[in-house]
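Biologist: Could you put the model up, so that we can go through it together?

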Amino acid sequence: LDVIGLAMLLHDIGKVEIPDRVLLKKDPYTAAERELIKEHVAYGITIAKNAGLDPVALRIIAEHHEHVDGSGYPRGLKDEAISVGGRVLALTNAYDNLCNPPNIANALTPNEALSLMFARQRSKYDVAMLGRFVRILGVYPPGTVVLLSNERVGMVLSINSAQPLRPVVTIYDAHIPKHEAMIVNLEQELEVSITKALRPSQLPRP
């Protein structure tokens with residue numbers, strides 16, 4: 001777990017070699033730009049190797065864009081040819097990229113990202129890992145911005161495995177500093193419920 005965690009922290013370190021004008025671009029990438037960005041994997045392996053990372057971590061970094069159906073890169077590996085750590089990282093990295101794309105207007109809510117991965121991209125990931133990932137994150141994964149029945153906006157902090165529709169939520173209030181925001185356990189506050197999840201692009205910038 002320590003090695004997987006280290007690889008996850010450093011998996012995109014190769015992007016330091018990609019020019020910001022490409023990396024931070026909000027418009028769709030050209031074919032040439034997509035190929036350039038794919039090179040971050042090779043750059044990352046070189047940087048991590050020079051830093052003396054564990055060989056297992058190096059392999060995970062090398063595999064974080066591989067898919068079990070062979071559609072990934074850089075080597076098009078399939079199934080068990082991808083390490084356990086590589087399969088875990090490919091799954092979680094894809095989820096993070098759907099929720100946090102370069103252009104926030106394209107961001108999916110966490111539950112939309114899970115739904116997309118499970119319904120339309122399932123062949124790319126280890127099926128057992130994907131199923132467990134969905135169960136762990138629940139209906140409203142942590143980080144989901146939600147509209148409550150009292151018209152307040154909140155963000156899910158942690159799930160409730162016993163009652164997945166009633167997670168713990170932090171409430172947004174423009175008059176209260178972030179570090180003092182009210183935290184509500186919806187399992188205990190039965191008069192309040194989640195009405196729907198919100199995309200970041202649906203919210204006022206503040």
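Modeller: Let us begin with helix α5, residues 55-62, in which Ala-57, Leu-58, Ile-60 and Ile-61 are buried. Buried means under 20% relative accessible area, with exposed over 50% and partly exposed in between, for a 1.4 Å probe and protein chains only. Helices here are DSSP runs of H or I with at least four residues, strands are runs of E with at least two, and both are numbered from the N terminus. This is a predicted model, in which local features need pLDDT of at least 70 and side-chain atom pairs count only at pLDDT 80 or more, while totals for chains, interfaces and linings use all residues. Residues are numbered from 1 along each chain as its sequence is written, and side-chain values use heavy atoms, with hydrogens and water left out.

Biologist: Why do the buried residues of α5 line one face of the helix?

Modeller: Viewed down the axis of α5, they fall within an arc of 160°, so they line one face. The arc is that of the directions from the helix axis to the C-beta atoms.

Biologist: And which elements do those buried residues pack against?

Modeller: They pack against α1 (2-10), α4 (40-50) and α6, where contact means heavy atoms within 4.5 Å.

Biologist: What happens at the start of α5?

Modeller: A side-chain oxygen of Asp-54 comes to within 2.7 Å of the backbone nitrogen of Val-56. That is a polar contact, a pair of N or O atoms within 3.5 Å; within protein, one must be able to donate a hydrogen and the other to accept it, and residues adjacent in sequence count only if both atoms are side-chain atoms.

Biologist: Stepping back, how many helices and strands are there in the chain?

Modeller: The chain has eight helices and five strands, in the order α-α-α-α-α-α-α-α-β-β-β-β-β along the sequence. Its C-alpha atoms fill a box of roughly 55 × 35 × 35 Å along the principal axes. Of the 206 residues, 38% are buried.

Biologist: Now pockets. How much space lies in the largest pocket?

Modeller: About 1100 Å³. A pocket is an open set of points on a 1 Å grid over the protein atoms alone, where a 1.4 Å probe fits, with protein on both sides within 12 Å along at least five of seven lines; lining residues have an atom within 4 Å of a point. Grid points are joined across faces, edges and corners, and the volume is the space filled by probe spheres set on the points.

Biologist: Which residues lie nearest its centre?

Modeller: Of its 34 lining residues, Tyr-29, Ile-37, His-65, Asn-97 and Pro-102 lie nearest the centre. The elements giving two or more residues to this lining are α3 (31-38) and α6 (84-99), and α6 gives the most, with six. By class, the lining holds 13 nonpolar, twelve polar and nine charged residues. Nonpolar covers Ala, Val, Leu, Ile, Met, Phe, Trp, Tyr, Cys and Pro, charged covers Asp, Glu, Lys and Arg, and the others, Gly among them, count as polar.

Biologist: Is Ile-37 buried or exposed?

Modeller: Ile-37, in helix α3, counts as buried at 12% relative accessibility. Leaving out residues up to four places away in sequence, Ile-37 touches Ile-18, Val-22 and Tyr-29.

Biologist: What about the second largest pocket; what is its volume?

Modeller: The volume is about 760 Å³. Among 27 lining residues, Val-145, Val-153, Met-155, Tyr-172 and Leu-203 are the closest to the centre. β2 (153-158) and β3 (168-171) each supply at least two residues of the lining, and β2 has the largest share, with three. The lining divides into 18 nonpolar, five polar and four charged residues.

Biologist: Where does Thr-144 lie?

Modeller: Thr-144 sits in the loop between α8 (127-137) and β1 (145-148), and counts as buried at 0% relative accessibility. Its side chain reaches the backbone oxygen of Pro-141 at 2.6 Å. Beyond four places in sequence, Thr-144 touches Pro-110, Asn-111, Gly-154, Met-155, Val-156 and Ala-197.

Biologist: And which residues does Thr-109 touch?

Modeller: Not counting residues up to four places away, Thr-109 touches Cys-99, Ala-197, Leu-198 and Arg-199. Thr-109 lies in the loop between α6 and α7 (110-120) and is buried, with a relative accessible area of 3%.
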